[in-house]
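Hi everyone, thanks for coming.

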Amino acid sequence: MTTRLTAAAEGCSGCRVCQLVCALTHVQENNVKKAAIGIRGYFPAPGRYEVEVCDQCGQCATVCPEEAIVLQDGAWTIDSDRCSGCGVCVDSCPRGVIFRHPDRAVPVKCDACGECVPFCSRGVLAIQKEGDT
Amino acid sequence: MSELHGYGGRILRVDLTRGTHRIEPVEPRLAEDYVGGRGFVARVLYDEIPPGADPLGPENKLLMAAGPLSGTFLPCASKAHLGAKSPATGGYGDANVGGHLAMEMKHAGYDLLIIEGQADRLSYLVVDDDQVAIRDAEALRGKGSIATETELKRVLGDDFQIATIGPAGERLVKFACITHDFGRQAGRAGMATVMGAKRLKAIAIRGSRGFPVADPEGVLAAGRAMFETIFGLPGFKDWTPYGTAGVTDWVNKVGAFPTRNFQTGFFEAHAEIGGKALRDRIHILDKGCFGCPIPCGKYSRVIVDGEPVYVEGPEYETVAMIGGDCCLDSIEAVAHVNAVMDDLGLDTISGGNVIAFALECAEKGIITPADVDGRELKFGDLDSVLWLTRRIAAREGIGDLLAEGVREAAAQLGKGSDRFAIHVKGLEVSGYDPRYAAAMALAYMTCDVGAHHNRAWAITHDVAVGRDRVEGKAARVIELQHLRPLFDMLGVCRFPWVEVEFEPSRYAEIYRPVTGQDRSWEELLRCSERVWNLTRMFWMRHLPGFGRQADQAPPRWYQEPATSGPTAGKNLSRETLEALLDDYYRLRGWDANGRPTRDTLKALGLDFTLADLERGVG
């Protein structure tokens, strides 16, 4: 079974509340730069935001030399005890959604916890669970 | 207090003359007495701008401050506060902007930027955490705000937040505005004019380090509760689709919509320019500031000469000042002018007011076709409005005169044009016609940057208790003048309270886990009262003789009743306005000439301003 965070293609207002919730939940810091969600604005034209989220493709787990990225509750999760901070996963992520921060050796990756979802006032975020069958 | 929580804890001071910078600590006492944001701006401007300083000279300083709640996890923690001695008024000036600037400043570890001196050529400032650089901006000279932001994001990185001026700021138009995030403005009191005078084209900021909060789990819990409350309020669903423009119908219904240069308070075509027309005809995206669940930003697109033109807005003030006051009767026309003004870097409030003034002067024969390239300028004519807009930004011909604002333009034009100059203290009145709304009139007369609505949006009180009633009005205005600017001190937007009826005192709930300090809402309001009195003392310090005379309403309000609509034939008398001022001064602990008394200043801990009382004697 895979659990993933999804983002609708339209409707993000760019408020970044999801990033705040993410960082407060995972690293207990009020710092949007330590979130596992990317938001990019396309302005002045065509005038929209894109939310960049991990689709749990697992590519990172296959390239990790330490085998530190493990499937946990249906989502690929970085085991910070095993992570060496080499950054191979960051460079090989096809969607560019594993993030580094100068303060942290371990990159930040979405574990599909879903804490951000209820705070998205535009209803863009959702958690999708897919069975094995 | 060992470490400040909720603050970056640092001040970045940049000297453009020498090309140097230094980082200073935020003193805990400053944070305690002045909270942040507007409070920091008011205290530092008071301390550091010498009396007599030319607003356009190197002695003036441009400040940008975040508040302790800016950038934290609570609804709408987005606000940055800019301040300087105003080139529009000569007195205290400030302006507020949402978007992502305050969050980014705080993430870079700064609560306050102090920009001093004057660069020897057009420059831009780059702040990347601890790295600070002043770079050449000659290649950006004359570029619009939108193009400048696009270019700086391309050169520096999309994750930089940009505050920029347009050509109007470079040419020192007195109502030039600072633009951020492709359509958010620090609009009023000429903050971009100060940037232009300092030859500072833009400020670019990126921060990664973050700032400490006292209790992260408490912040998460308190923020969660605040968001959940807002999601449950009726206004969350009802107000958000239309944003501020949604109030247009109501303002017309109560006859307070500035129309035809404040000749009246009702615009027949209001439904064509209000929130519903915006939503149905031109809106493409709800664009929010940092942390906002109720985005008022209505990103829109109109087609001009077959090409798409994008604009964030029009928000209510632009609808009122470009729509009603200049009589443009379609949302598309208003959005078009909005886009042009944003890109040129002109405040749409003063811009609309100044253009309406020029149109009335043309109507009354004071400005003749010979003054305007043989054109016949008319209310309701999009070409007239666009032509004047571009002339003003370029300071060409009549535009050079109008670029000084209505007070100065009327002084130079003469021929009784001062009757049509709708301003207080030299700042053009914004989007409410208060000629039959006593509290709103008093709010404009006593606002501490000149005629601006946002310190005390009192029109609803007038409608609720009686339009021309005097009793209780001054008290309500004072209450609002402490409450609303407190949001600017905390560094958050007031719309959750103003627009969707979120209880404001609940901000004290999250103030605690953010700062680690237990302060009551009443205590914070007292800090706001301190700041209000301090800005009053800034005016007295800089304008000898300042007092009651400066708080006078534009004569049109008491001399000419509204000519149409629900308030037709109505206005307030001069005596009513004077009675309002009497009440207001008494309740504030100011003398009959509008000067704070020694006792009032001492009780607020403003002893250091006492010497300015002597200076204020005219």
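So, first a term: a nonpolar core is a set of buried Ala, Val, Leu, Ile, Met, Phe, Trp, Tyr and Cys residues joined through side-chain atoms within 4.5 Å. Buried means under 20% relative accessible area, exposed over 50%, and partly exposed in between, with a 1.4 Å probe and protein chains only. Keep in mind that this is a predicted model, where local features need pLDDT of at least 70, side-chain atom pairs count only at pLDDT 80 or more, and totals for chains, interfaces and linings use all residues. Residues are numbered from 1 along each chain as written, chains are lettered from A and ligands numbered from 1 in written order, and side-chain values use heavy atoms, leaving out hydrogens and water.

Okay, the largest core has 221 residues, and F73(B), F357(B) and Y507(B) touch the most other members. There's also a second, separate core of 34 residues, including A61(A) and I146(B).

Now the rings. Phe, Tyr and Trp rings (six-membered ring for Trp) pair if their centres lie within 6.5 Å; planes under 30 degrees apart are stacked, over 60 edge-to-face, the rest tilted. The whole structure has 27 such pairs over all chains. F227(B) and F231(B) make a tilted one, 6.1 Å centre to centre with 45 degrees between the planes. F227(B) is buried at 1%, while F231(B) is partly exposed at 21%. Another tilted pair is W250(B) with W457(B), at 6.4 Å and 50 degrees. Ring pairs also join F43(A), Y49(A), F182(B), Y299(B) and Y310(B) into a cluster.
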